[in-house]
Amino acid sequence: MSTHTEHQAQQGREPLDVNTPGLTRFDIVREGARRDDIEIVHYEPQVVAGSKAERRLVRLVAGLFLLTGLLATAFLVIYIWWPWEYAPGRGSDKYFTPLLGVTLGLSLLGVGFGILAWGKKLLPKEVSIQDRHEGAVAEDERTITGQTMVYMADELGVKRRPLLGASLLLGLAPVGAVAAAPLVGGLISDPHKNNQMFTTGFAPAEGGQKIRLIREDGRPVRPSDISAGGQLTVFPGVEHGVSNRHADSPTLLIHLRDSDAQESRKANERVGHGDYMWGNYAAFSKICTHAGCPASLYEQQTNRLLCPCHQSQFLITDNARPVFGPASRRLPQLPIEVDSEGFFVAKSDYTETVGPDFWERP
Amino acid sequence: MKRRKFDLAAVPGNSAVALDDRFQVATPLRRLLNKVFPDHWSFLLGEIALFSFIVLLLTGTFLTFFFEPSMTEVVYDGSYAPLRGTPMSAAYASSLDLSFEVRGGLIMRQMHHWAALLFMAAIVVHMLRVFFTGAFRKPRETNWIIGSLLFWVGFLAGFTGYSLPDDGLSGTGLRIASAIMLSIPVIGSWVTSSIFGGEFPGTIIISRFFIAHVLLIPALLLALISVHLGLVFKQKHTQWPGPGRTNGNVVGERMFPRYAIKQGGFFMVVFGVIALMGGLFQINPIWLFGPYEAWVVSAASQPDWYVMFLDGSTRLMPAWQINIPIGDGYVIPPLFWPTVVLPGILVGLSTLYPFLEARHLKDRKSHNLLQRPRDVPARTAAGAMAVSFYVVLTLSGANDVIADKFQISLNAMTWAGRIGLLIVPPLAYYVTYRLCLGLQQHDREVLAHGVETGIIRRMPDGRFVEVHQPLSAAPHGDGHGELEYTGWVVPKKMNRLGALGPAVRGFFYPIEKPAEAPVSPGHPPVEPRPEREEIGSGESRR
Amino acid sequence: MTSENDRPRGLLARLRGRPAARSRGRRRLGAAVRLLAALALAGGAYTLFAPGAQAQDSAPLSGAAAEGKALFDVSCVTCHGRNAQGVEGRGPSLIGVGAASVEFQVSSGRMPLARQEAQAHRKPPLFTDEQTRQLAQYIQELGGGPVVPEGDNLHEEGNVAAGGELFRINCSQCHAFGGGGGALSSGKFAPSLRPASDRQIYAAMLSGPQNMPVFGDNQLRPDQKADIIAYIQETLKHDQDPGGFNLGRYGPSTEGLAIFLVGIVALVFASLWIAGKS
């Protein structure tokens, strides 16, 4: 507390004439600080000049800097000569990045701790006190600035000439809209173009041609391709069907065991999807109705389908009803059959909206 | 013409004069050099964020030289054999090339990612420091708001960056982001379609995220950081209470030389830690995730840690769907609440907190002295509540990894999170509140009765008592002079009082030589040393 | 890490018939104890059924299958019943599961089951390679089913790039991008692929053990299976991570942990050293 009151007393002091002969440099420094309302109350070298302690510290700091140089050189050497190109398996190329990291990191730590040791140990310790001058704003300053601003506003005379203000406002509003229009107008895109939110690649082609279910390599799928208790990711057999252009179309084709298939068929009938399965095969959208991840962790004994993103669980034998987790809507089922050549086709497109939910989903 | 002799030694002086003639910088420069900063380790946490941001700018600029923000399909033909011949987007292919074909590119990418994680982590830790010490109070509310905005802008920077490589993980993240936008009532599908340029994923999102990630968001971050630092400068840093420290002054070190040197050294240390992590710890091995394909996903698909709390809230959300039976019927999906409404509430609460607290306490004064968390139990407890809420959500964001590695049922983890989210925060509030009160009471006890000495004395009547060392001279003669609590650490060990000699120095292990004298800022040694007299700084105290 | 992860070498060695001496000795001891227990159980059953009655309806077994039957009757009969027809509430019928299933379950130590759980865990196997083959032969001759091709290295012809694509479509959703496994519903899980041998992976795909879907030869051709095994063994397991320590390949969750435990902790210590503590 005492230091503070003394400091207050400094306010009224005479400024020191810095040209007075015989002043040390520190006197001038302290005078400068005082002019900025800073009082250096404590300034004490930590090591005696020329002492053993000083020499030890200097050696330490110098050692750190030299270590930095050494490591930085090592970094360069490794960067230039170490084998770095990827080769399969284990080998020296796998140590390229770690070695760069170690040399770069340690050299930076070296220079960092060198500087820190210099500042922390070799420079004098100091305690200075600076005034905050908060709330010291003179009241009349505020008055003057305030009056000036009000005066300037008055000079514009918007109050006396209301037409000016109103017309300016009316004139500027469209200008602002002009600035926003290209951005909004350019970005805006109709989500319901081509009914894209409600159709997938399985929508029958123009001639009513049913779409085949194909595999990731483009081959159509036969019933015998999946063993009982197996599952296969299938795509619409259209151009770019196996690509992100049809991100809503990936479907999981599941070959259920006899008893599960029976249960599943019963469940289908309950919701009027009696003919959606073909034999013991059922196809469900792979796109989770919650957030759109591929819900594809199929447990063949419990017939649960788990989504790895938010752990929604769907019971396949009950129309893929969500039984756990945040999903609130069952996975849409694709009605399938086998065509005359023995390949799976979609009888029609999905009859429910595929993918995550949104406001206007009917 | 006679050639004047060129005096090399006079060059700095002369150029300084020449500069000052033109720009009149002498006074402002001296003010800058002389500015006093308080010294405390917790004041360096924000610097970690600042320095990692600088590393982010440096490494990020390097990455832009090689990254191609395009979703054009290419067939990979680089040196990473397990992906050769795979069709993928140009963005993913260039990210692979960046890692495998560019010499030293992988460490740059890894440093960039680690620096991003460190940036967000340091922001959070710094924010907690500011919150628990009450540094956000008037006049610093603006800086608190800017700070919390920095978290959310950093969050966006992180998410856009996470999405750019277009690998399996980032595509999954994008898909979820699109689903979140879709879930907004009324405008959801329009927002999604406008941002993705059509149906997900479209062909433009990577380019849009790229320009946001390398130009718009960094510019905003830079602007906010500049204002943040400018305000710290203008309003001067807060300080802990202590001897000589008042609400009206700053006690510490002048900016030059010591403070600035420490900052420079610390920058190098932060940079060095990031470089070490970038080299030694593999982060986001995009080559293992493969290109993003809408039908491919990996178990344990998670966002980076600072987004994980949203992932957690989404996982814990029950499947409550709201159907609005008007016309064809409208839907508010359960995804909307934990991913749009919850962050909205969090932004609102965190930015408004300083005003809410001031209003509640009817406190209109300016505060430049920090508070010890124990002295404001209600705020500390509320903070603990918020932290535990966040931690439960974040852990739930990784609940499948926890379930798998610790062999707990996944469904049990989800339920534990749901129940924990309701129970843990109030519990944390209560426990923290009681802890604060207990610590306060102990402080007051020491002030009233003194420090435990460990000396047991047997009284004439046979009782044993422990001798307490009072902290002040006894005014009443009974050894019990009560001191007033000043909001600062109360010494609780004998060597803190100087009774057992000075505390042994050394950070990890004691240095053989004991300290010359106990030194604390603003508390000059009792006996001035002779060399201090020589420098001539001694009298100023008297 | 679970114990199964530290033993891949030992396991592989056993399958190739190069046993580690110590563990085999210990295993024999355990086997003997379990054998005695099973004998006591089975003995009761034997007295009830006339020994002659069962011999007549069985088709003649090959030598190996007969050995396998002997092993089956002491170790497996309790749960899977006589002639592997299953016991209600204890174990399923093994008719038609094929040698692949037996080989997977027995060589990975999952069978015989230690206790009823959500899912069987990998353990050190109870039977030797030879005994496993005998058991497999017995089940194969009882009811047929899928068989793993001969040889220990089934991925010689495999293409890692093709295998990687197949792995990401068919496997990574459960076993995770790095093959470390992942959680399924209600305590079930997809195990780590790190300790699995070529034959075990092949057998698992063929037979669909527990909740894993079946990937028959029509769905994934033998050469595609070889591709997948090549990707798992060569790329996921053998390929060293180029970016340093891989933090267990758990994805962003361990990365988040690392930034706090390493980055923030190191820098807070540094700032404690740099600046004042009061």
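In this predicted model, the lining of the largest cavity draws at least two residues from each of several elements, namely β7 (297-299) of chain A and, from chain C, α8 (160-170), α9 (172-175), β2 (189-190), α10 (198-207) and α11 (222-238). When the lining residues of the largest cavity are sorted by class, 22 are nonpolar, nine are polar and three are charged. Rolling a probe the size of a water molecule over the atoms shows where empty space is left. By the rule applied here, 18 cavities of 30 Å³ or more were counted.

The second largest cavity has a volume of about 200 Å³, and 18 residues line it. Nearest to the centre of this second cavity lie Met197(A) and Asp248(A), together with Leu182(B), Glu199(B) and Phe200(B).

Pro201(B) itself is situated in the loop between α8 and α9 (205-235) of chain B. Another cis peptide bond of chain B runs from Phe256(B) to Pro257(B), with omega near 0°; in this case the proline, Pro257(B), is placed in helix α10, residues 255-280. A further backbone feature is found at Gln407(B), which has a positive phi of about 55° although it is not a glycine. Gln407(B) belongs to the loop between α15 (399-405) and α16 (410-449) of chain B.

Chain B also carries annotations taken from an unreviewed UniProt entry. The record places "transmembrane region" at residues 42-67, 113-132, 144-164, 209-233, 264-283, 335-356, 376-395 and 415-433 of chain B. Among these spans, residues 113-132 are 100% helix and 0% strand in the model, with the end C-alpha atoms 29 Å apart, whereas residues 264-283 are 85% helix and 0% strand, with the end C-alpha atoms 27 Å apart. The annotation "domain: Cytochrome b/b6 N-terminal region profile" is assigned by UniProt, in an unreviewed entry, to residues 15-241 of chain B. Over residues 15-241 the chain is 68% helix and 4% strand, and the end C-alpha atoms are separated by 43 Å.

The interface between chain B and chain A was then considered. The size of an interface is often given as the accessible area lost when the parts come together. Between chain B and chain A the buried area is about 9,200 Å², and carbon and sulfur atoms give 60% of it. Of the area that chain B buries against chain A, 10% is supplied by Arg103(B), Arg258(B) and Trp295(B), more than by any other three residues. In terms of contacts, 118 residues of chain B meet 98 residues of chain A. Four salt bridges were counted between the two chains, including one between Asp36(A) and Arg31(B), in which the closest N and O atoms are 3.9 Å apart.

Technical notes
Residues numbered from 1 in each chain as written. Chains lettered and ligands numbered in written order. Predicted model: local features only at pLDDT ≥ 70, side-chain atom pairs only at ≥ 80, totals over all residues. Heavy atoms only, no water. UniProt positions renumbered as here; feature names shortened; annotations may be inferred. 1 Å grid on protein atoms, 1.4 Å probe; cavity = no way out; pocket = protein on both sides within 12 Å on 5 of 7 lines; lining within 4 Å. Points joined across faces, edges and corners; volume = space filled by probe spheres on them. Nonpolar A, V, L, I, M, F, W, Y, C, P; charged D, E, K, R; others polar. Contact = heavy atoms within 4.5 Å. Buried area = accessible area lost by both parts, 1.4 Å probe. Salt bridge = Lys/Arg side-chain N within 4 Å of Asp/Glu carboxyl O.
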